[in-house]
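Dear colleague,

I am handing over the structure below, followed by my notes on what was found in it. Please read the two side by side.

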Amino acid sequence: MADLRLACVVGARPNFMKMAPLLRALEAWPEVQTVLIHTGQHYDKNLSDIFFEELGMKRPDISLEVGSGKHGAQTARVLERFEEVLEKGPVDGGSYDRVVVVGDVNSTMAATLAAVKLGVPVAHVEAGLRSFDREMPEEINRLVTDSICDMLLVSEPAGLENLRREGHPEDRLHLVGNVMIDTLFWLLPKAKDRDIHSKLGIQPGQYGVVTLHRPSNVDQAETLSHLLDVLIETSRDLPLVFPIHPRTKHRIEQFGLGDRLRDAKSISQLPPLGYLDFLALTSAAKVIVTDSGGLQEESTALDIPCLTARANTERPITVEQGTSTLVGNDPAKLQQGLRQVIDGTYKKGSCPELWDGQAASRIVQALTGESAPAN
Ligand code: UD1
C-alpha cells in the first residue's frame, strides 16, 4: 500500500470515543500517517481534556480553538481555520490524502465542507443516520456531510437503507458496525474498578442515570420543568444520578428551577463526568434517561433499559432491537417507562450485529483497502 496521510478531525465530546479506537487501530500501519486536529468546539476539561487521558488518545497535533458560539459563527470558524490547515498540509510537506470525520456535530460538517471544496476526499464514520427531523442541528450536519463525502462508514443497517434511498453509489457504502462500542468494550473492565458508587453512596443496580442537553428538552422552561418533576417524583423510589451538561445547568438556573432540584435529596447533581466514571455508572444502572444519541447506543450494548427523551431517533436499531424506548418530552410516557423498569416489566433487548468491538479494524480496511497486517 502507498503511504497515506490522514487528517483526523474531532471537536466535541461524542467525537472522542469514536476517533480513539480508529487511531489505535491505525498504529499498526507504519505507512499511514495520522494528524489529529481538534477544532475546540468543546474545550472544558470535563468535556474534552479528560477524554484524551482516559481514552489513551494522543494529544491533538493541531488545535483550532474555535470555542462556543452561534451555529453560523462556530461553523464558519472551523471552515476558515481547517481550510488553512489543509492548505498548509502535513509538517513534512506534501498534502493530505483524506480527511476522516466522525459523528454529527457542527465540527463534523464544517471540516467536511472545507475539505471537499479543496478537493480532499472525506470519510464519514457514522454515516447514513437520519432522524428525519430537520429541526435538529445534527440532522442538517448529517445530511450535508453525507451528501458531499465519498466514503460512508455505516454503523447500522438503517443507515445503509437511507444512503441507498438518497442515491449514493454502492461502492461508497461500508457497513462497519459501531466504533463507539469498540471503546465501550475496551474500557469496561477499567470502568468496573472505579469507586464512584461508594463516593456517591449508591448501590450498583439500584439507581438511575439521567442526562439531558438537547435544545428541544432544555431550552423551554415548561418542558424542562415537567421533565424535572417526573425525575424528582421518581427519585423517591429510585435514587438518580444527574451529570449536568453546561447548557442544561445554565437553563436550570435561568428558569429558576435550581432550588427545586437541590431540594430533591435523592438526585445527585454532578458536573459532566469523564468516560470511565460515567461508564462505571451507566453499566451498573437500573435505568438510563437520556436525550443523547451515543447513550442510546451504549445502553443497548450494555443491556440497560433506556428511556430516550426524544420524539424520534436516527438510531432506530436501539428501539427495534435494543433497550431504548422513545418517550419524547411527555412526562406521562417517561413516568410509565420508569414504572415498568421499577416493576420489572420493561422489554428486553439484544446487542446488534457488528457492535462487537471490531468496528475500527473494519474502518481501517475500508481506508487502506487492505486487511490488517499480521502481527
Ligand atoms: C454538541 C453537539 C451535540 C452533542 C453535544 C454533546 C452540535 C450542533 N451539537 O452540543 O450534537 O450531542 O455536543 O455534548 O454540534 N459549553 C461549555 N464548555 C464547552 C463547550 C460548550 O460550557 O467546552 C457550553 C457553552 O455555553 C455553549 C454550550 O455549552 O454555548 C453549547 O455548546 P455547543 O458545542 O454549541 O453544543 P452542545 O450543546 O454541547
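Beyond its neighbours within four places in sequence, threonine 223 is in contact (heavy atoms within 4.5 Å) with Ser216, Asn217 and Asn329. This is a predicted model, in which local features need pLDDT of at least 70 and side-chain atom pairs count only at pLDDT 80 or more, while totals for chains, interfaces and linings use all residues. Residues are numbered from 1 along each chain as its sequence is written, and side-chain values use heavy atoms, with hydrogens and water left out.

Threonine 223 belongs to helix α10 (residues 221–234), helices being DSSP runs of H or I with at least four residues, numbered from the N terminus. Because its relative accessibility is 17%, threonine 223 counts as buried, that is, under 20% relative accessible area with a 1.4 Å probe and protein chains only.

Helix α14 (residues 293–302) is mostly covered, with 10 of its 10 residues buried. Its N-terminal end is capped by serine 292, a side-chain oxygen of which lies 3.2 Å from the backbone nitrogen of glycine 294, and α14 is followed by aspartate 303, whose phi is positive, near 65 degrees.

As for the ligand, one of its oxygen atoms is 2.8 Å from a backbone N or O atom of tyrosine 43, and an oxygen atom of the ligand lies 2.9 Å from an N or O atom in the side chain of histidine 213. The protein covers 83% of the 740 Å² of accessible area that the ligand has on its own, by the Shrake-Rupley method with a 1.4 Å probe.

With best wishes

Key:
Buried < 20%, exposed > 50% of the residue type's maximum accessible area, 1.4 Å probe, protein only. Helix = DSSP H or I, 4+ residues; strand = E, 2+ residues; numbered from the N terminus. Polar contact = N/O pair within 3.5 Å; in protein donor to acceptor, adjacent residues only side chain to side chain.
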